[in-house]
Amino acid sequence: MAKGGVAAERRRPHSHLREATVGYAFILPALVGIVALYLFPLIKTAYLSFTKTGVFGDSTFIGGANYANLVTDPTFGTALRSSAIYTVIVLLAIPISIVIAALIAQVRHGATLYRIAYFLPVVTLPVAVGMVWRFIYNGDFGLLNALLSLIGIDGKAWVADPTVAIFAVSAVGIWTSLGTAIIILGAGLQGIPQDLYEAASLDGAGPLRQFRSITLPLLTPSIFFVSVLSVIGSLQMFDLIYVMIGRNNPALSQSQTIVYLFYQKAFVEGNRGYGAAIAIALLLIIMALTAIQFRLQKRWVFYG
Amino acid sequence: MGNTQPRHHQIIIHAVLGIGAVIMVAPFIWQILTTFKTVTESRAVPPTILPAVWSIAAYERFFTSVPLWSLLGMSLGVLVVRVGGQLVLCSLAAYGFARFRFPGRGLLFGVFLVMLMAPSQLFLISQFDLMKSLHLLDTLPAIAIPGMFSAFGTFLMRQAFIAIPKEFEEAARLDGANSWQLFWRILLPMTGPTLAALGVLTSLYSWNDLLWPLIVASNKHMTLPVGLSLLQGQYGTDYPTLMAGSLIASLPLIIVFVILQRQFFAGIASSGLKG
């Protein structure tokens, strides 16, 4: 035994080196890509945000001028507002999803069928989703206004009216994000021990009381996770605006989101430096909101 | 919540879920019905529910004006390269991070974690410049290459490797297996469910992605979402054609989803959505 230990002791420097070499070999292919296609671009975007750079790469250093322009640019202000409205409204999908996930957990038959139905919009091409809803929202012959007229409401041109367009898009955002939330929350529900409910039943707690006192508190970690994901995802929304509003729509200037503005500045107008500053601003906003959510979780998330 | 509830509870639950499910599915039904209408009928006020005459003219217009096979081939090709690339590259790196000690491991994994949290728009400008300087614009590699690498996939796979008890490797090591054999023959097969989840999630992002393909390939070699979004400019208010196109473009993934729904749900549940 002692002899073996000495041999192992002697082998160690060599085997450390060997272990490190093999380890590097395994991570190398992915590392090359991550550095070349992600780390380097991130650093370059940060650099570009301090320059005036056109499509042909002609760049001059201008310090914080792009950021100073951002703060005073009314277009960026409206983009922030649109993204904020979209993000907040899409969060409403979470309470709806909690109820639906809790109900699906209780059905004896057909749970899979319901999950498929609620999940369909997630696997549908966002471009297709946008087109279908643009048709439904049409002011002259859309399905929504036809349904509203049945109950005596005179509908609007939902996605052509600058005052309501972002709200109409946000409603579609809720519709497309229910599926993901229901699945994640449903997995959270499965983690709740069944005997808690049995004990509560014996104590005479009805279904609503059980939901409030057992399901909700024990589901808070999943709810927290879903809301962090939802905020990060919503702040990056692009597709629905691109398809539902579109370039020639008078409502675009009032409804474009941060990422749409980024696309417009960096790739349509070719103003790389300004686009880079928008991307960095988006990163800072996401980091700040995520940090706030993590800070606040202590107040309401229950880790049993 | 318990299995002792009376029968009428089940009926109420099904009623609520059923109404919700109808709201979820109704736009799809409306889309399908519209594809069989004429342009005039699709704009009727009040709208007709069923087409007066079932017509497939919208599908014909779609097929004659859109190079469907080229779009489909591009979307599928990008998906295969992205999924294949991620499964291989992420699991290799994940095994390296999970089972080997080497200088700088914490720092390098930290780099991956930062990339995991950063919004993808931060990378696009420079990725575009890189593809341009490599003369890859408007090609499949330009669309697919960045998506072959994933900090998220590496993170997910690393969790799977860490969860495997070390005893499995120790036994195989004693039998003389080297690191590659351990990885390939023993550990990788044990991460099957995570690999499936990663493959399904990557397929979903790849198939649905609009922004990056729009930036690097919107002239010749387009993917389905880009082609479809251009169709909208061309057929602005010909909704039967637009509905037919969007239905055909969405169907492949919807069919795969209905067949592999377990894997989709497992993927989403284990990780949430992250592009």
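This is a dialogue about reading a predicted model, feature by feature.

Trainee: Where do I start with chain B and chain A, and how much area do they bury between them?

Mentor: The size of an interface is often given as the accessible area lost when the parts come together. Here, chain B and chain A bury about 8600 Å² between them, and 75% of that is on carbon and sulfur atoms. Remember that this comes from a predicted model.

Trainee: And how many residues of each chain are in contact?

Mentor: On the chain B side there are 94, and they are in contact with 89 residues of chain A.

Trainee: How many salt bridges does the rule find, over all chains and across this interface?

Mentor: Over all chains the count is seven. Across the interface of chain B and chain A, the rule finds three.

Trainee: Let's take Asp129(B) and Lys44(A). What is the N to O distance in their salt bridge?

Mentor: It is 3.3 Å for Asp129(B) and Lys44(A). Lys44(A) counts as partly exposed, because its relative accessibility is 25%.

Trainee: Which residues are in the network of salt bridges with Lys44(A)?

Mentor: Arg272(A) and Asp129(B) are linked with Lys44(A) in that network.

Trainee: What about Glu269(A), which side chain does it meet in a salt bridge?

Mentor: Glu269(A) meets Lys265(A), at 3.3 Å from N to O. Glu269(A) is at 45%, so it counts as partly exposed. Lys265(A) is at 15%, so it counts as buried.

Trainee: Which residue forms a salt bridge with Arg61(B)?

Mentor: That would be Asp238(B), with the closest N and O atoms 2.9 Å apart. This pair links distant parts of the chain, since the two residues are 177 residues apart: Arg61(B) is in helix H3 of chain B, and Asp238(B) is in the loop between helix H13 (224-234) and H14 of chain B.

Trainee: Are Arg61(B) and Asp238(B) buried or partly exposed?

Mentor: Arg61(B) is partly exposed, because its relative accessibility is 26%. Asp238(B) has a relative accessible area of 10%, so it is buried.

Trainee: Now a charged residue with no salt bridge. How far from Asp239(A) is the nearest side chain of opposite charge?

Mentor: That side chain belongs to Arg82(B), and it is 11 Å away. Asp239(A) is buried yet has no salt bridge. You'll find Asp239(A) in helix H11 of chain A, which covers residues 239-245.

Trainee: Which residues is Asp239(A) in contact with, leaving aside neighbours within four places in sequence?

Mentor: Pro126(A), Asn208(B) and Leu210(B).

Trainee: Where is Phe262(A) found, and is Phe262(A) buried or exposed?

Mentor: Look at helix H13 of chain A, residues 258-268. Phe262(A) is at 2% relative accessibility, so it counts as buried. Not counting residues up to four places away in sequence, Phe262(A) touches residues of chain A including Phe267(A), Gly275(A), Ile278(A) and Ala279(A), as well as Gln121(B), Leu124(B) and Ile125(B).

Trainee: How about the surface? Which residues make the nonpolar patch?

Mentor: Leu251(B), Ile255(B), Val256(B), Ile259(B) and Leu260(B) make a nonpolar surface patch of about 420 Å². With 65% relative accessibility, Ile259(B) counts as exposed because the cut-off for that is over 50%.

Trainee: What should I look for in the backbone?

Mentor: Most residues other than glycine have a negative phi, and most peptide bonds are trans. In chain B, the bond that joins Val45(B) and Pro46(B) is cis, with omega about -10°. Pro46(B) is in the loop between helix H2 (39-42) and helix H3 (57-65) of chain B.

Trainee: What is phi for His135(B) and for Asp138(B)?

Mentor: For His135(B), phi is near 55°, a positive value. For Asp138(B), phi is near 65°, again positive. His135(B) is in the loop between helix H6 (121-133) and helix H7 (140-144) of chain B, and Asp138(B) is in the loop between H6 and H7 too.

Trainee: Is His135(B) buried or exposed, and what about Asp138(B)?

Mentor: His135(B) is exposed, because its relative accessible area is 70%. Asp138(B) is at 11% relative accessibility, so it counts as buried.

How values were computed. Residues are numbered from 1 along each chain as its sequence is written. Chains are lettered from A and ligands numbered from 1 in the order in which they are written. This is a predicted model: local features need pLDDT of at least 70, side-chain atom pairs count only at pLDDT 80 or more; totals for chains, interfaces and linings use all residues. Side-chain values use heavy atoms; hydrogens and water are left out. Helices (H or I, at least four residues) and strands (E, at least two) are DSSP runs, numbered from the N terminus. Buried means under 20% relative accessible area, exposed over 50%, partly exposed in between (1.4 Å probe, protein chains only). Lys and Arg count as positive and Asp and Glu as negative; His and the chain ends are not counted. A salt bridge is a side-chain nitrogen of Lys or Arg within 4 Å of a carboxyl oxygen of Asp or Glu. Contact means heavy atoms within 4.5 Å. Patches are made of residues with over 30% relative accessible area and no salt bridge: like charges are joined within 9 Å, nonpolar side chains (Val, Leu, Ile, Met, Phe, Trp, Tyr) within 5 Å. Accessible areas come from the Shrake-Rupley method with a 1.4 Å probe; for residues, only the protein chains shown count as cover. Buried area is the accessible area (1.4 Å probe) that two parts lose on being put together, summed over both.
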